Amino acid sequence: MTNPKLDRLKELLGEVDDLRRAATVLFWDQRVMMPSAGAQARAEASATVGRLGHEKFVAPEVGKLLDDLEENEYDYDSLEASLIRVARRDYEKAVRVPPELTGEVQRQSALGVAAWGPAKANADYAALLPYLQKNLELRHKYVECFERGDETYDVLLDDYEPLMKTAEVRAIFDDLKLELVPLIREIADAGEVDASFLHGEFDPAAQREFSLQVLDRFGFTDDEWRLDPTAHPFMCSPGAHDVRLTTNFRPNDLTSIFATMHEFGHGIYEWGVAPDLHRTPLASGVSLAVHESQSRSWENLVGRSRPFWRHFYPRLQQAFPQLASVDEEAFYRAVNKVHPSLIRIDADEVTYNMHIILRFELEQELIEGRVDLNDLPQEWNSRMDQYLGIDVPDDARGVLQDMHWAGGSLGYFPTYALGNVISVQIWDRLTADVHDVDDQMERGEFGEIREWLRSHLYVLGRKYTPQETIERVTGSKIDAGPYVRYLREKLAPQPA
């Protein structure tokens with residue numbers, strides 16, 4: 001027997017989800033299709049949709065329904081219990097924030113992202129600075145809507161990694177620094193890996209064709225997925241059976257292949273959410289760290305593995321004949337080369353985490369007022385030298401390289417490195433259950449990998465907290481140990 005109040009709650013939450021998906025289409029269109037002159041009008045439209053979605057969610061009727069419904073009347077694992085507890089937590093956060101503030105955040109985000117492209121192209125930090133200042137001001141107003149926690153940054157982090165505290169992230173990152181800094185030094189002392197052949201002329205059309213071959217083997221279909229070019233790769237899903245990947249086909253390297261696999265990881269997570277969760281707050285990945293675990297899994301654990309390239313390297317050589325004289329082992333070593341680099345999204349599996357730790361530290365200092373936005377480029381450059389030994393030649397390849405801060409996304413960055421950690425925990429469990437993973441990848445077969453991830457993780461959506469989800473899939477809490485072991489086994493210099 002159905003509960004009329006629960007049915008009504010589902011109806012209202014479905015409408016809220018519709019508006020959220022509409023906002024997603026507006027964002028995708030801005031980054032992929034919209035003429036640049038449409039930025040102001042798009043900002044107003046985004047603000048309106050964001051405000052309306054917020055108003056509908058925090059309406060008194062929703063609050064009354066949540067007050068009247070009891071989670072413990074249902075089995076903990078049921079859709080009903082999950083819907084009530086997740087919607088209640090989301091509501092209790094959202095009701096603290098004025099809808100007008102939500103709308104203004106959306107408006108400034110759209111304007112900031114529009115300004116970021118030209119600012120980056122011209123290495124002109126001053127042009128983006130007013131947008132960053134407005135975004136930081138709005139972040140402060142947002143934080144003030146909540147009770148003071150242990151740290152100011154906790155409020156921002158919770159939007160991306162619910163229920164995790166800044167201190168917990170810091171402890172994990174301190175463990176990573178302790179292990180990775182000497183590993184980077186060991187690898188550097190072992191000598192240089194030749195990767196010169198990865199730079200040259202690589203036809204973007206051929207890159208796209210090869211990327212689509214890979215995606216096809218992964219599970220990409222034309223009726224549910226699409227792939228488009230953009231300046232900064234991302235994935236979004238405006239609705240069920242609608243997954244949109246973007247990548248950057250640069251004519252002088254092959255990084256687009258790995259960026260495309262990365263975004264596929266995000267997309268397949270959204271694609272695999274159980275159908276009965278659609279049009280509810282449960283119909284997405286449980287957190288950004290778990291989401292990133294999947295993008296990093298498909299990019300690195302699959303896409304940078306030896307078995308993967310045993311299957312695909314002959315096809316890559318056909319697409320790019322200049323690689324004909326480069327043997328498979330040399331190519332494998334090159335795409336796994338550990339070497340400090342300027343750009344986060346191009347970084348190797350080891351030094352990538354130092355890029356994230358740098359951003360994590362700067363975000364805390366920005367929200368706490370310990371770093372002024374006027375001084376951010378200098379602080380950035382100083383830490384790039386301190387952590388990676390790199391001189392930053394210009395702001396385009398420094399503080400302007402990512403669009404996150406231009407869009408107001410403070411609190412997002414740490415989830416990338418947390419995702420690295422979680423990815424190996426999940427992969428260890430997968431390979432314990434599926435014993436011939438390497439053989440399957442070498443044959444170009446990824447269906448069983450995809451199905452294991454779908455049935456163990458993707459179907460869950462947001463039914464449980466992030467930590468509950470991780471423990472259900474892996475049997476343990478977030479633990480950096482397996483990730484460090486993986487990096488050492490794969491990348492540390494081997495004794496002669």
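Before going on, a word on what we are looking at, which is a predicted model in which local features need pLDDT of at least 70 and side-chain atom pairs count only at pLDDT 80 or more, whereas totals for chains, interfaces and linings use all residues. Residues are numbered from 1 along each chain as its sequence is written, and side-chain values use heavy atoms, with hydrogens and water left out.

Let me begin with the whole chain. Its secondary structure comes to 20 helices and three strands, where helices (H or I, at least four residues) and strands (E, at least two) are DSSP runs numbered from the N terminus. The radius of gyration is 22 Å, close to the 23 Å that the globule rule gives for 496 residues, so the chain is as compact as a globular protein of that length. That radius is taken over C-alpha atoms, and the rule is 2.2 Å times the number of residues to the power 0.38. Along its principal axes the C-alpha trace spans about 70 × 55 × 45 Å, and buried residues make up 58% of the 496 residues. If we take contacts (heavy atoms within 4.5 Å) with a separation of 6 or more, 73% of them are between residues 24 or more positions apart. The chain exposes about 20,600 Å², of which carbon and sulfur atoms supply 50%; accessible areas come from the Shrake-Rupley method with a 1.4 Å probe, and for residues only the protein chains shown count as cover.

Back to helix 11, then, which runs over residues 288–302: at 1.5 Å a residue its 15 residues should span 21 Å, and its end C-alpha atoms are 20 Å apart, which agrees. The expected span is 1.5 Å times one less than the number of residues.

Helix 9 covers residues 204–218 and reaches 21 Å from its first C-alpha to its last, close to the 21 Å expected. Its buried residues are Ala206, Gln207, Phe210, Ser211, Val214, Leu215 and Phe218. An α-helix has 3.6 residues a turn, so residues three or four places apart point the same way. After helix 9 comes Gly219, whose phi is positive, near 135 degrees.

Which residues other than glycine have a positive phi? Ala123 has a phi near 50 degrees, and it sits in the loop between helix 5 (99–121) and helix 6 (125–143), partly exposed with a relative accessible area of 32%. His241, with a phi of about 65 degrees, lies in the loop between strand 2 (235–239) and strand 3 (242–247) and is exposed, at 54%.

Leu83, in helix 4 (residues 79–94), has a relative accessible area of 1% and, not counting residues up to four places away in sequence, touches Leu6, Lys10, Leu13, Thr280, Pro281 and Leu282. Thr351, in the loop between helix 13 (328–335) and helix 14 (352–367), counts as buried at 0% relative accessibility. Its side chain makes a polar contact of 2.7 Å with that of Asp348; such a contact is a pair of N or O atoms within 3.5 Å, where within protein one must be able to donate a hydrogen and the other to accept it, and residues adjacent in sequence count only if both atoms are side-chain atoms. Beyond its neighbours within four places in sequence, Thr351 is in contact with Ile184, Val338, His339, Pro340 and Leu388.

Finally, Arg310 lies in helix 12 and is partly exposed, with a relative accessible area of 36%. Leaving aside neighbours within four places in sequence, Arg310 is in contact with Glu328 and Glu442, and although Glu442 is 132 residues away along the chain, the two C-alpha atoms are separated by 5.7 Å.

Terms used
Buried < 20%, exposed > 50% of the residue type's maximum accessible area, 1.4 Å probe, protein only.
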